[in-house]
Amino acid sequence: MKNTEIARRHDRILSLLASHASLSAAAMAEQLSVTVQTIRSDLRMLDEEGAIRRRHGSAHLLTPADNIGYQPRMAVSSDEKVRIGEAVAGVIPLGASVALGTGTTVEACARALARHEGLTVFTNNLHVVLALQMTPKVSVSVAGGSVRLRDLDVIGSESVEFFARLRPDYAVFSVGGISPSGDMLDFTMEEVRARRAIFDCARHRILVADQSKIGRAAPHAHGKLWAVDT
C-alpha cells in the first residue's frame, strides 16, 4: 500500500498528465520539486498499475477514446475524491432519497454517505452497494440489466428506464471529462444515456469531478456545467 506522500505525489502526476498530452520525467520533476529519479520510480509504479503509459522518456494517460480500468482510476486523485465525498455528505441531509451514478468519485461519495441514517438510495453502481452494505437503516435499490464486469456497473436501456421512473431528492453523478467551454463529456453513448437519465430524474443535481477531469477529452458531450445545481 502506498504511503500518503507517494499517493499524493501520484495524484499530482496524474493531474499534470490529464492537463498535457505528455510530459517528460524532467518536466514533472521540476514542477513537483523532486528528483528525476523519484519521478521515474513513480512513473514505473503508475505504469504497472495501468494508470499511464511510458514512452521514450515521457509519459501520458491512456488515449481519450478509452477510459482506464476501475482499479487504476481509484488511484487518480484519491485524496481529492475523499474530500469530494465529504463535501457531498455535507450537502445531502439525513433521510433524503439519492440517485448515485457510476465511477470512483461517486463511490467515494457513497462511502461518506454511509454515516447517514435513513437514506433511500437508487444506483446502477455495484461499488456503491458494497460501500453501503454495512450501513444501518439505509434502503438500496439497484438498476437491472447487464453488468459491465470491468467496472461493476449497469448502463444499458434497463438502467435508463429504472431512473426514468424515479424522482429522488438528489442525484450524484460524475463525468469522463470537462471541456474548456464547460461541456460535460463521456467515452461512450451508453455512459451518456445512463448519466443523462440520472441527471433528469432528480430535483437537485450534484456533479462530482476531481481536477484530473478538467480539460480531459472524451468523444461525447451531454450538457453544460451550468445545468447542474451543485
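Colleague: Which residues have the most contacts inside the largest nonpolar core?
Modeller: This is a predicted model. Its largest nonpolar core has 22 residues. Those with the most contacts inside this core are Val88, Ile92, Val98, Leu100, Leu119, Val172 and Val208.

Colleague: Which element supplies the largest share of this core?
Modeller: Helix H5 (78-91), strand S4 (97-100), helix H6 (104-113), helix H7 (126-131) and strand S9 (170-173) each give at least two residues. The largest share is five residues, and it comes from H6.

Colleague: What is isoleucine 92 in contact with, leaving aside its neighbours within four places in sequence?
Modeller: Contact here means heavy atoms within 4.5 Å. Isoleucine 92 meets that cut-off with Val98, Leu113, His116, Leu119, Tyr170, Val172 and Ile206.

Colleague: How many residues are in the second, separate core?
Modeller: Ala99, Ala143, Cys201 and Leu207 are among its members. The count for this second core is 18 residues.

Colleague: Why is the protein as compact as a globular protein of its length?
Modeller: The chain folds into nine helices and 13 strands. For 230 residues the globule rule gives 17 Å. The protein is close to that, so it is as compact as a globular protein of that length: its radius of gyration is 18 Å.

Colleague: What share of contacts between residues at least 6 apart in sequence join residues at least 24 apart?
Modeller: Buried residues make up 51% of the 230 residues. Of the contacts between residues at least 6 apart, the share joining residues at least 24 apart is 63%.

Colleague: How far apart are the mean positions of the positive and negative charges?
Modeller: There are 27 positive and 25 negative charges. Their mean positions are separated by 1 Å.

Notes:
Residues numbered from 1 in each chain as written. Predicted model: local features only at pLDDT ≥ 70, side-chain atom pairs only at ≥ 80, totals over all residues. Heavy atoms only, no water. Helix = DSSP H or I, 4+ residues; strand = E, 2+ residues; numbered from the N terminus. Rg over C-alpha atoms; globule rule 2.2 N^0.38 Å. Buried < 20%, exposed > 50% of the residue type's maximum accessible area, 1.4 Å probe, protein only. Lys, Arg positive; Asp, Glu negative; His and termini not counted. Charge placed at Lys NZ, Arg CZ, Asp CG, Glu CD. Core = buried A, V, L, I, M, F, W, Y, C linked by side-chain atoms within 4.5 Å.
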